Amino acid sequence: MHSTPDTPAPPPPDSGPKRFERSGSDRLVGGVCGGLATYFSVDLTLVRIGMVALALLGGAGLIVYAAALILVPSDGTGPTKPRSTRDRVIAAIIVVGLVIACVITSGSGLGDVLFPVAALGVAGLAVWWLVSGERPTGRPASVLRRAALGVGLLLGCTALAFGSFLASGFGGGVAVASIVIASGAALVVAAFVGGARWLVLPALAVALPLAFVSAADIDLEGGFGERDIRPGTLAEVKDGYRLGAGELVVDLRDVRLPAGDRRLKVSIGTGYAVVLVDEDVCVASTATVGIGAVQVFDRDGAGFDVDWSDDRRAPRTTPRLVIDGKVGVGFLEVRREKRDHRDRRGARRERSDERNDACATTTASVGSGASNG
Amino acid sequence: MRRTGSPDQTSLTAGIVLIALGTVLLLDNAGVLRMDFSAMAPVAFGVVGAILLASGLSRGTSRR
């Protein structure tokens, strides 16, 4: 019987060092878990469970997955058909996940640095994708270039929007509106010579803040910061007080108002304004608020385009303060507090009764927005 | 920019609606109109919507 000698099996061809690649065949989203399972020769389900756990524990899994999706190449297997809708959904999920992770970990040092940077990078990719139509795929260098362009565009438009907001708030609305019209005209002309879609986003970044400022009627003139005004005598009380942005406190409790009407204008662009009055003063008020609220003692109105009116009549011997308020975005409050002093036990006295009891009759109305009172 | 046969629909639409929005804002800031949120919000959303619509339609046309 003839026997052939056992020949050893030929060695497998040298495929080089083991590489970590995203799997094209074992993929639910981007094939990162499939690639990890192949690389470490472990069960794919276990890798997916681990990734979900990492995503829920502070969002680290989302960061790792997003980084791998961008930086790790695909192994070239699986479907090659472009799936733009699916890719967009994936990108949207990643962006939303990053934002949630930023919120959750905002208290920690890692969350304060890593997640905003990652979110900015992903946002840059999304912006560039929307503007240019170039998908965030391909070589890592190409993806990084697109992310950088998107971040640059995003930051540029943010700066434009901020500049438009400030210019509009400081009374330059006509000039900013003229820039918007000029941008529109340039786009119309450019449409006939190839188009200039890159101009659309910057033009909107200028136009929309102006629209917001105009709708809310925000007036930033008057300065920024905290302003505490406490006149001691009637002569020191001005006809009006205004602040661009911040907190404005007008404390009239030290002023002895005479019987009769005293008018006071209070204007704030964005922020909080409060008028403190003494117990024996009747307060009538009107106010306009773009977005925000008005509270006059126990009555309030809130929402968009609030047109507040609280007409009060005072007895002949009682002083009446007639407040005309104007708020762009924020809160106007009129409070009644007793003078700041301590009782026999040393405790600071509580706020006095929050009703407009010094007045004789009331006629409150709010033009729009939710109201109480 | 190269000269083409038909105008770029996205740029044309965006330009027209931005001119319209800019005119409204100009009149508002000049004191001719008074636009509060209830009036401005539909205008602003309409502008953005028109641009997105034009962009989407032009992409669909170019794919065909």
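**Interface, pocket and selected residues**

Author: The side chains of A:Arg197 and B:Asp8 form a salt bridge, with N and O 2.8 Å apart. The model is a predicted one.

Reader: How many salt bridges are there between chain A and chain B?

Author: A salt bridge needs a side-chain nitrogen of Lys or Arg within 4 Å of a carboxyl oxygen of Asp or Glu. The pair A:Arg197 and B:Asp8, at 2.8 Å, is a salt bridge. Between chain A and chain B the count is one.

Reader: What area do chain A and chain B bury between them?

Author: The size of an interface is often expressed as the accessible area lost when the parts come together. Chain A brings 38 residues to the contact and chain B brings 34 residues. Carbon and sulfur atoms carry 70% of the buried area, which comes to about 2900 Å².

Reader: Which helix gives the most residues to the lining of the second largest pocket?

Author: The lining has 20 residues, and those nearest the pocket centre are A:Leu130, A:Val131, A:Val200, A:Leu201 and B:Leu52. At least two lining residues come from each of helix H5 (109-132), H6 and helix H8 (200-216) of chain A and helix H2 (37-63) of chain B. With six residues, the helix that gives the most is H2(B).

Reader: What is the volume of the second largest pocket, and how is its lining divided by class?

Author: The lining of this pocket holds 13 nonpolar, five polar and two charged residues. The space in the second largest pocket is about 570 Å³.

Reader: Is A:Ser164 buried or exposed?

Author: A:Ser164 sits in helix H6 (residues 140-169) of chain A. Leaving aside residues up to four places away in sequence, A:Ser164 touches A:Val176, A:Ala205, A:Val206, A:Pro209 and A:Leu210. Its relative accessible area is 4%, and the cut-off for a buried residue is under 20%. A:Ser164 is therefore buried.

Reader: Is A:Lys265 buried or exposed?

Author: A:Lys265 belongs to strand S3 (residues 260-277) of chain A. Beyond residues up to four places away in sequence, A:Lys265 touches A:Asp239, A:Gly240, A:Tyr241 and A:Asp324. The cut-off for an exposed residue is over 50%. Because its relative accessibility is 55%, A:Lys265 counts as exposed.

Reader: How far apart in space are A:Lys265 and A:Arg242?

Author: In sequence, A:Lys265 and A:Arg242 are 23 residues apart. From C-alpha to C-alpha, the distance between A:Lys265 and A:Arg242 is 8.0 Å.

Reader: What is the phi of A:Phe297?

Author: Most residues other than glycine have a negative phi. A:Phe297 lies in the loop between strand S4 (282-296) and strand S5 (299-313) of chain A, and is buried at 3% relative accessibility. Although A:Phe297 is not a glycine, its phi is positive, at about 55°.

Reader: Where in chain A is A:Asp305?

Author: A:Asp305 is not a glycine, yet its phi is positive, near 50°. Its relative accessible area of 15% makes A:Asp305 buried. A:Asp305 is placed in strand S5.

Reader: What share of the residues in chain A is buried?

Author: Chain A has eight helices and eight strands. Among its contacts with a separation of 6 or more, 63% join residues 24 or more positions apart. Of the 373 residues in chain A, the buried share is 39%.

Methods:
Residues numbered from 1 in each chain as written. Chains lettered and ligands numbered in written order. Predicted model: local features only at pLDDT ≥ 70, side-chain atom pairs only at ≥ 80, totals over all residues. Heavy atoms only, no water. Helix = DSSP H or I, 4+ residues; strand = E, 2+ residues; numbered from the N terminus. Buried < 20%, exposed > 50% of the residue type's maximum accessible area, 1.4 Å probe, protein only. Contact = heavy atoms within 4.5 Å. 1 Å grid on protein atoms, 1.4 Å probe; cavity = no way out; pocket = protein on both sides within 12 Å on 5 of 7 lines; lining within 4 Å. Points joined across faces, edges and corners; volume = space filled by probe spheres on them. Nonpolar A, V, L, I, M, F, W, Y, C, P; charged D, E, K, R; others polar. Buried area = accessible area lost by both parts, 1.4 Å probe.
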